[in-house]
Protein chains: 2
Amino acid sequence: MNGEIIAIGDELTSGRVLNTTSRYAAGMLFSAGYEITAMATVRDTPEEISEALKRAVKRSDFVIVTGGLGATSDDLTNEVVGETLGYPVVFHSEVFDRIKARLSEKVDEQTLNRLRKLAMLPTGAEILNPEARMAGYLLVHDDKPIFFLPGVPHEMKELLTEKVIPRLALWHGNSAVPVKQKVFKVFGLGETEINRLVSHLEEEEDSRVRIGYYPVFPEVHLSLTVLEENESERAKIFGQMEKEIETALGDSLFGADDDSMENVVGELLRKQKNLIATAESCSGGLIAHKITTVPGSSHYFAGGVVAYSNDLKEKLLGVDPALIVEHGAVSPEVAKAMAVGIKTKTSADIGLAVTGIAGPTGGTAEKPVGTVYIGLATPDTTEVILCRFSGDRWQVQELTAVKSLDLVRRLLLGISVKAL
Amino acid sequence: MNGEIIAIGDELTSGRVLNTTSRYAAGMLFSAGYEITAMATVRDTPEEISEALKRAVKRSDFVIVTGGLGATSDDLTNEVVGETLGYPVVFHSEVFDRIKARLSEKVDEQTLNRLRKLAMLPTGAEILNPEARMAGYLLVHDDKPIFFLPGVPHEMKELLTEKVIPRLALWHGNSAVPVKQKVFKVFGLGETEINRLVSHLEEEEDSRVRIGYYPVFPEVHLSLTVLEENESERAKIFGQMEKEIETALGDSLFGADDDSMENVVGELLRKQKNLIATAESCSGGLIAHKITTVPGSSHYFAGGVVAYSNDLKEKLLGVDPALIVEHGAVSPEVAKAMAVGIKTKTSADIGLAVTGIAGPTGGTAEKPVGTVYIGLATPDTTEVILCRFSGDRWQVQELTAVKSLDLVRRLLLGISVKAL
């Protein structure tokens with residue numbers, strides 16, 4: 001079954017809001033075995049909504065439409081759907097009753113009238129989740145399912161996973177192509193370099209195997225997709241390709257699928273019962289933030305210091321002021337002292353420290369913007385790695401944080417630590 | 001002039017990569033006065049690229065195509081364009097010469113052959129930036145400009161702003177609708193509440209005025225667009241509406257357009273010559289990270305501590321261990337002690353501290369996940385605000401950080417500080 005996704009909203013076509021819902025829907029549906037042939041984003045105008053809907057219904061087996069279901073004046077989806085496909089909107093009193101019942105406070109007549117709009121749905125609309133504020137609905141047209149979902153990401157995601165995907169799986173004539181897929185996540189190698197490393201695998205010209213490359217700054221992701229009806233054959237091809245890709249990418253391959261650098265590192269720290277602490281200058285707390293996005297990180301993260309000023313490097317990390325005077329705050333000596341300082345202060349096993357120049361100002365001929373020293377103190381030794389990143393402030397901070405975590409990963413795996 | 005954007009790539013339709021380039025292009029073009037009527041995302045297959053291209057060329061005045069220009073095997077744009085529109089690809093030797101000249105190291109014959117693909121462009125293609133690695137090109141078809149740009153965000157952005165928009169501005173018959181637009185950024189009010197506050201402005205039914213509402217978690221953005229040929233009339237309508245919206249939104253309106261909470265707060269701190277320092281528990285460094293994304297933040301940010309463990313709250317912030325034993329780490333007493341502690345340690349003017357439960361575990365009946373105490377110590381006083389956020393770990397951390405910064409904003413502006 002081929003599907004299509006239509007996102008509706010001026011906020012999307014004017015670039016004010018990033019369309020994350022279509023991407024999420026595409027990812028979920030793809031994983032469930034459906035091909036998404038196209039994604040369209042159109043303005044809140046009847047003509048364009050209508051045109052996109054007609055085109056999608058004609059050429060695809062199912063359609064997901066997001067946005068424009070709300071009570072504000074720019075929400076037009078229901079009316080347009082009704083007119084375009086021939087299911088005039090009618091007042092769904094049971095929907096309105098539930099909306100009223102869920103109101104947490106008394107509202108005035110005017111607001112209530114506005115909310116009536118949420119219950120004006122096309123004839124034949126089947127409510128997906130009566131309990132949700134934005135209930136979503138299914139219309140069957142020409143024997144094809146069309147799902148209408150809210151544009152607000154978390155409301156849409158819930159309906160998609162809990163209602164849409166189960167309904168699609170039961171759809172008669174369903175023929176999801178059996179797909180096995182894995183995304184390999186790489187840090188420290190460029191797209192062309194990766195392409196070169198795995199090019200011998202692409203030359204085999206097996207149409208059942210697809211390899212794609214996607215820079216997702218500062219990482220590069222490589223996807224392997226195997227489309228094959230026969231399950232054991234599919235598993236066999238997949239297993240071979242997987243092994244070859246892993247060999248080709250070597251230790252720059254840090255994870256797969258939903259892995260992030262921070263959860264890979266977190267898992268290693270947890271398993272090896274190591275406690276880490278961070279001392280950050282130019283990365284301004286980004287490393288600590290990344291570590292603590294992972295639930296349960298309190299088990300292996302003691303905490304950290306953002307020592308933006310020299311004063312704080314001395315007061316909170318015990319860095320000798322003479323070191324800063326002699327070598328400058330951005331120096332291997334200070335990176336080392338910060339790493340040892342945070343490790344000692346927090347009684348952690350690993351002290352991770354960074355000092356550098358994120359820009360846009362502060363660079364010199366000798367130490368240009370992007371110069372970053374990363375210090376790594378362990379019970380046995382302290383290493384300092386010099387990195388010369390390029391990019392704007394955001395990119396330098398991001399590279400600094402991911403590179404730092406990658407160094408911890410390499411340290412814990414006992415593999416070589418190398419500067420970018 | 002109406003335009004359309006086509007993004008090409010399996011990585012987009014399979015949901016592996018979020019399409020940020022189309023959004024960026026839409027935003028830039030909209031600001032420059034063009035209407036983007038639709039955005040399409042299609043797979044790397046000749047049929048779908050061809051169909052999208054034909055449709056766009058037919059109904060729009062200009063088209064922006066991104067992606068599929070690279071040297072890897074899944075890049076098909078050039079060939080498909082050539083076939084679809086009738087401009088067969090030919091080898092552009094001057095393009096290839098520049099590619100070779102830019103190679104930083106010697107490459108083998110095989111790699112060189114692969115790079116030849118970058119120079120196989122449709123007949124009549126006009127290179128946009130010969131100096132760039134991914135040069136992009138312009139094809140004029142039926143007297144309409146079609147711009148082909150790389151899919152990698154920063155490469156695409158550079159070509160768009162430096163080459164495409166200037167070229168479009170000079171296009172004969174150009175009729176960009178004169179638009180004046182502003183995005184109002186709000187924190188602490190929901191979309192429906194904002195809709196209610198400004199509904200009287202929408203009832204005027206002036207077709208030249210458009211108001212839109214966009215939740216951009218954890219903020220809500222309201223956009224005002226005035227379309228009117230006459231410049232002074234446009235400015236007049238805009239000025240009136242702007243004033244009314246500002247009145248309606250009150251002090252929950254924290255900024256406009258490119259403002260972020262962190263740069264608004266940064267600007268206030270800089271102007272008032274205040275130094276701030278942070279002590280974070282459940283937000284794990286996110287507040288420090290947000291503050292330090294702003295260039296020049298070292299002028300007003302002393303630094304901070306991520307005191308994830310109780311031990312660190314004592315060692316780095318001087319919190320009395322008895323307080324933690326008596327009231328728990330998540331308590332107003334500890335929030336206050338942390339705020340005072342970081343202020344004292346760093347000699348800052350303002351100490352901002354948070355302690356709470358980000359989840360998914362750690363909640364109790366009395367202090368469920370989402371319970372956060374924010375402490376704010378100033379030279380005069382120390383306030384503690386209790387917040388009860390809902391959402392997942394990411395949402396609670398994000399709400400904690402933005403709410404904390406909003407409290408600093410309110411403090412510096414002398415307006416009321418209220419819990420969510």
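Helices (H or I, at least four residues) and strands (E, at least two) are DSSP runs, numbered from the N terminus. The views below show a predicted model, in which local features need pLDDT of at least 70 and side-chain atom pairs count only at pLDDT 80 or more, while totals for chains, interfaces and linings use all residues. Residues are numbered from 1 along each chain as its sequence is written, and chains are lettered from A and ligands numbered from 1 in the order in which they are written.

View 1. Pro360(A) sits in the loop that runs between β15 (350–356) and β16 (371–377) of chain A, and the peptide bond that joins Gly359(A) to Pro360(A) is cis, with omega about 5 degrees.

View 2. In chain B, β6(B) pairs with β7 (residues 137–141) in the antiparallel sense over two bridges, and Glu126(B) stands opposite Leu138(B) of β7(B).

View 3. Val57(A) belongs to helix α3 (residues 46–59) of chain A. It is partly exposed because 19 other C-beta atoms lie within 10 Å; with C-beta atoms placed from the backbone, a residue is buried if 20 or more other C-beta atoms lie within 10 Å of its own, exposed if 12 or fewer, and partly exposed in between. Leaving aside neighbours within four places in sequence, Val57(A) is in contact with Val63(A), His141(A), Asp142(A), Lys144(A) and Ile146(A), where contact requires that the C-beta atoms, placed from the backbone, lie within 7 Å. The C-alpha atoms of Val57(A) and Ile146(A) are separated by 8.0 Å, although these residues are 89 residues apart along the chain.

**View 4. The interface between chains A and B.** In this interface, 67 residues of chain B are in contact with 67 residues of chain A, and the side of chain B that touches chain A divides into 30 nonpolar, 25 polar and 12 charged residues. For this division, Ala, Val, Leu, Ile, Met, Phe, Trp, Tyr, Cys and Pro count as nonpolar, Asp, Glu, Lys and Arg as charged, and the others, Gly among them, as polar. The copies meet through the same surface, because 100% of the interface residues of chain B are also interface residues in chain A. Strand β14 (residues 301–307) of chain A and strand β14 (residues 301–306) of chain B run antiparallel and are joined by four bridges, and Gly303(B) is the bridge partner of Ala307(A).

**View 5. Positive phi in two loop residues.** Lys273(A), in the loop between α10 (261–271) and β13 (276–280) of chain A, has a phi near 50 degrees, a positive value in a residue other than glycine. Lys273(A) counts as exposed, with 9 C-beta neighbours inside 10 Å. In chain B, Asp257(B) lies in the loop between β12 (253–256) and α10 (261–271) and has a positive phi of about 50 degrees although it is not a glycine. With 12 C-beta neighbours inside 10 Å, Asp257(B) counts as exposed.

Terms used: Pairing = 2+ DSSP bridges. Contact = placed C-beta atoms within 7 Å.
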